[in-house]
Amino acid sequence: MRLEDDQQQPAQSGGQPPEADQPSRQRRSIRTGRNLPAAVAVSVALGGLVFLTLLTVKGTFLIYVGILLAVALWELGHALQTRDIHLPMVPVAAGGIAMVTLAYFASARWVLAAAALTTVAVFAWRLPAGASGYVRDVTAGLFTVAYLPMMAVFVSLMVAAPDGVRRALIFIILTVCSDTGGYLAGILIGKHPMAPVISPKKTWEGLAGSFVFCLAAGVITVPKLLGGHVWQGLLLGAAAVCAATLGDLVESMIKRDLEIKDMGHLLPGHGGIMDRLDSLLVMAPVIWLLLAVFVPNGHAT
């Protein structure tokens, strides 16, 4: 049962009348804004699969990532159709698979080649549909290539390293800490909206909570897992929060432009897969780059 629905349930015999309990329940609904038990269960399930795949056969982690990206691509394409934007799905999906796979098994130059060929394929694929909306649909296709598979390439690059499991674990832990810290601080003490026009529920207190959790996570994980320095962990944690927040705001802006509440409805308490990947997508290149600079060979510089 959703917390928002609690307001409409009658009081039990011997309890307070509905009117007496309504303000507190309204506050709880406003602060959470989602089905908390379902959201926690979904987060545990998704996170459990991440750790299961990473800590067994790391190649299966990329398969898991690929499945999530495929669902996210479908959700984004469906959302764009609400504004009469038709995504060139086939070349975007095929090119995305090639880019993520080549990032793991080959080198960055092959990823660049795949991205360029995907662009050419998007140009060509849309031609038979005629001139009306050509620029709009092609632009949407190239935006999607940059937003989904191009960002995911950096997850493949992280995992492909000899110590890739540890790098990917840092990436996932920082993401979880950013989300958890921001959510807890937001529902407990959040009062001052950070970007009310874009995301009304995001608060400065929530951002502070994300910083606290991510800085602590960076300080612990970078030295312990990769032999880095404490100051490197602090910088990584701070960068992770900035990237994650940007990712959240970007997806919120996309949804506002498309005039939709969620990208999908697959995950109870969360919305769609895209609603869970928004921060991960923007964080991936940032985390990869900083770890490559700070600990290029598993040792601090």
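**Close-up views of a predicted model**

**View 1. Surroundings of Ser252 in the predicted model.** Excluding residues up to four places away in sequence, Ser252 touches Ile198 and Ser199 (contact means heavy atoms within 4.5 Å). Ser252 belongs to helix H10, residues 230-258; helices (H or I, at least four residues) and strands (E, at least two) are DSSP runs, numbered from the N terminus. With a relative accessible area of 14%, Ser252 is buried (buried is under 20% relative accessible area, exposed over 50%, and partly exposed in between, for a 1.4 Å probe and protein chains only). The model is predicted, so that local features need pLDDT of at least 70 and side-chain atom pairs count only at pLDDT 80 or more, whereas totals for chains, interfaces and linings use all residues. Residues are numbered from 1 along each chain as its sequence is written, and side-chain values use heavy atoms, with hydrogens and water left out.

**View 2. Packing of helices H8 and H10.** Helix H8 (residues 164-189) packs against H10 at an angle of about 60°, the axes being 10 Å apart. Axes are lines fitted to C-alpha atoms, for helices over the stretch in contact, and angles run from 0 to 180 degrees between N-to-C directions. From H8, Ile170, Leu174 and Ser178 meet Leu236, Gly237, Ala240, Val241 and Ala244 of H10. By class, this contact of H8 with H10 has six nonpolar, two polar and no charged residues (Ala, Val, Leu, Ile, Met, Phe, Trp, Tyr, Cys and Pro count as nonpolar, Asp, Glu, Lys and Arg as charged, and the others, Gly among them, as polar).

**View 3. Cysteines without disulfides.** Zero disulfides are found in a search of the whole structure, a disulfide being a pair of cysteine sulfur atoms within 2.5 Å. For Cys214, the nearest cysteine sulfur is that of Cys177, 5.8 Å away. For Cys242, the nearest is that of Cys214, at 9.7 Å. Cys214 is buried, with a relative accessible area of 0%, whereas Cys242 is partly exposed at 47%.

**View 4. Helix H9 and its cover.** The buried residues of H9 include Glu205, Leu207, Cys214, Ala217, Val222 and Leu226. Among the elements covering the buried residues of H9 are H8, strand S1 (193-195), S2, H10 and helix H11 (274-294). Just after H9, Gly227 takes a positive phi of about 70°.

**View 5. Lys202 in strand S2.** Lys202 lies in strand S2, residues 199-203. Apart from neighbours within four places in sequence, Lys202 contacts His192, Pro193, Met194, Ala195, Thr245, Asp248 and Leu249. Lys202 and Tyr183 are 19 residues apart in sequence, with a C-alpha to C-alpha distance of 8.9 Å.
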